[in-house]
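Good morning. Please look at the model on the screen while I go through it.

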Amino acid sequence: MKGRKNSQSGKVSERSSRRQLENEQLVKKPEFLKAATLGQIFLVCTQQLGGLEDGKITKLQFRKFLMTEQICFVFNLMGLGLSVMQYDLEFEEEDEDISSWLLWIIFISTLALLVLTVLRYQQHMNWLKSRKQISQNDKIWQTEQWYPMLIELIIYCIVPYPFTIGMRVYFYNSFQDAMAYYHVNEILALIMITRTVFIFRTILAQTFWYSNRTQRVCNLYACEGNYMFVAKSLMRTSPYTSQFIALVSLIGIFGYGIRICENPLARNDPANNNLGRYANALWNIIITITTVGYGDFYTRTDLGRFVIFVVCILGIFVISVMVVTLINSLVISTLESHAITVLERIQLRQNLTESASQVVLYSLKIYVALKKGNLSKVQLKILLIKLRKNLNDFKISRRQYRNKQDVGNMNEEITNQFSLLKSDFSEVIEKQKGLLLQNQDIMNKLGVEAKPYISSPQL
């Protein structure tokens, strides 16, 4: 028995000595805290805890990303502008030297754009690494960034080349019952229009809604701060401006595409080159994208009909969004509804006063005329009819005013009741929070494992 007691007392003393050593280690000041500023202490502690987002580093990486995005935008826009100039030269089959020089410039700018695109995605990854969203050792092919980068690089590779100048693709046109041809570079220039998607992406990235701060806020509310989020934000804050810019851009881009598709028919019949003129192509896109379709200009090639099919789909989407935006802008808010109700009461009160004054006026006229005795039966009948009419108007105005007053009071009463219920529920929830925290504290003191408290959403 004594041996057991001695062994148990020895174990207790060992446990107490261990606890004392642990407490001394916890109280002991670390070496890095002896000569360090508050910022250095915070940085070391956050690194030991797994690292937190450094605002200055993320801002710097985001600015580098925006810079590469803007450089890509310049090269992309330069390539598109040179392809527009080169298209007319190759279509007319004149100034082949200038056309060839332009094609070489487009080719070199495309090579530079491919390199810059890879650097752009790499810088985007560096930004994500600084924000602790991906690991520091991740590569592009190990993340989801490689797939959109590959698609973007393939789209950038589709440009008019100096090696394909003069090459033709013949096709039969049933409208003219003759053979026509595209230059290969014309088809490549048509496909090159898809680059405009990345131009719009760069424009969205320059707005307030795509920034380092925006990403932090989106992370707080568990949503993605991507380009779709930027488009939604612009549609909410400035819907009419955003839709107008999108509509004008689509008309200009697809008008140029229709001109490329329909212009080869001018080689067989120059006098009947309707959509080969850019103004007519724009008009055709306008009446198509707005779902009007007069039919005065229409496409006569299979490639042009495919482009018009895409325009029809986009037109349905654009017009639907514009209608929804207009309807939402006409929806009356709660405060506007209260203001309209008050103004309606004022208007009905004015009508009530006017009808009451007319009743009093005609009553006095009849009284004075009967008192003087110079009123005939016909005049009396006319005055009585007017008095009856104004009295009826007074009754209607009074009924409307009371009804509007009752409705307004009822709405205000319902609003007040809901606000009172909200405050009552908030008080009850706060009391429940206090009780749960007290119970959790008591259970922790008793040594019973308690489930962590999950706060309820705010009302």
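Let us begin with Ile260. Setting aside residues up to four places away in sequence, Ile260 touches Tyr87, Tyr182, Glu186, Ala189 and Leu190. Contact here means heavy atoms within 4.5 Å.

Before going on, a word on where this comes from. This is a predicted model, in which local features need pLDDT of at least 70, side-chain atom pairs count only at pLDDT 80 or more, and totals for chains, interfaces and linings use all residues. Residues are numbered from 1 along each chain as its sequence is written, and side-chain values use heavy atoms, with hydrogens and water left out.

Now the overall picture. The protein has 14 helices and two strands. Helices (H or I, at least four residues) and strands (E, at least two) are DSSP runs, numbered from the N terminus. Of the 459 residues in the protein, 31% are buried. Buried means under 20% relative accessible area, exposed means over 50%, and partly exposed is in between, with a 1.4 Å probe and protein chains only. Among contacts in the protein with a separation of 6 or more, 69% are between residues 24 or more positions apart.

Back to Ile260, and to the core. A nonpolar core is a set of buried Ala, Val, Leu, Ile, Met, Phe, Trp, Tyr and Cys residues joined through side-chain atoms within 4.5 Å. Which residues touch the most other members of the largest one? Of its 27 residues, they are Phe254, Ile258, Ile260, Ile285, Ile289, Val307 and Val311. At least two residues of this core come from each of α3 (55–92), β2 (178–183), α6 (184–191), α10 (239–262), α11 (278–289) and α12 (302–329). Helix α10 gives the most, with nine residues. There is also a second, separate core of eleven residues, which includes Cys72, Met125, Leu153 and Tyr156. As general background, nonpolar side chains in soluble globular proteins tend to be buried together.

Is Gln243 buried or exposed? Gln243 is buried, because its relative accessible area is 9%. Leaving aside neighbours within four places in sequence, Gln243 is in contact with Met235, Val321, Met322 and Thr325.

Val321 is partly exposed, at 23% relative accessible area. Not counting residues up to four places away in sequence, Val321 touches Met235 and Gln243. Val321 and Pro239 are 82 residues apart in sequence, and their C-alpha atoms are 9.5 Å apart in space.

Next, a pocket. On a 1 Å grid over the protein atoms alone, a pocket is an open set of points with protein on both sides within 12 Å along at least five of seven lines, where a 1.4 Å probe fits, and lining residues have an atom within 4 Å of a point. The second largest pocket has a volume of about 290 Å³, the volume being the space filled by probe spheres set on the points, which are joined across faces, edges and corners. It is lined by 14 residues, and those closest to its centre are Leu80, Val84, Ile193, Thr196 and Ile253. Helices α3, α7 (196–205) and α10 each supply at least two residues of this lining. The lining divides into ten nonpolar, four polar and no charged residues. In that count, Ala, Val, Leu, Ile, Met, Phe, Trp, Tyr, Cys and Pro are nonpolar, Asp, Glu, Lys and Arg are charged, and the others, Gly among them, are polar.

Now two loop residues. Most residues other than glycine have a negative phi. Lys132 is not a glycine and has a positive phi of about 65°. Lys132 lies in the loop between α4 (96–130) and α5 (146–157), and is partly exposed, at 45% relative accessible area. Asp177 also has a positive phi, near 55°. Asp177 is in the loop between β1 (168–173) and β2, and is exposed, at 56%.

Last, the cysteines. How many disulfides does the structure hold? It holds zero, a disulfide being a pair of cysteine sulfur atoms within 2.5 Å. Cys218 is in no disulfide, and the nearest cysteine sulfur, that of Cys223, is 3.8 Å away. Cys218 is buried, with a relative accessible area of 2%, while Cys157 is partly exposed, at 32%.
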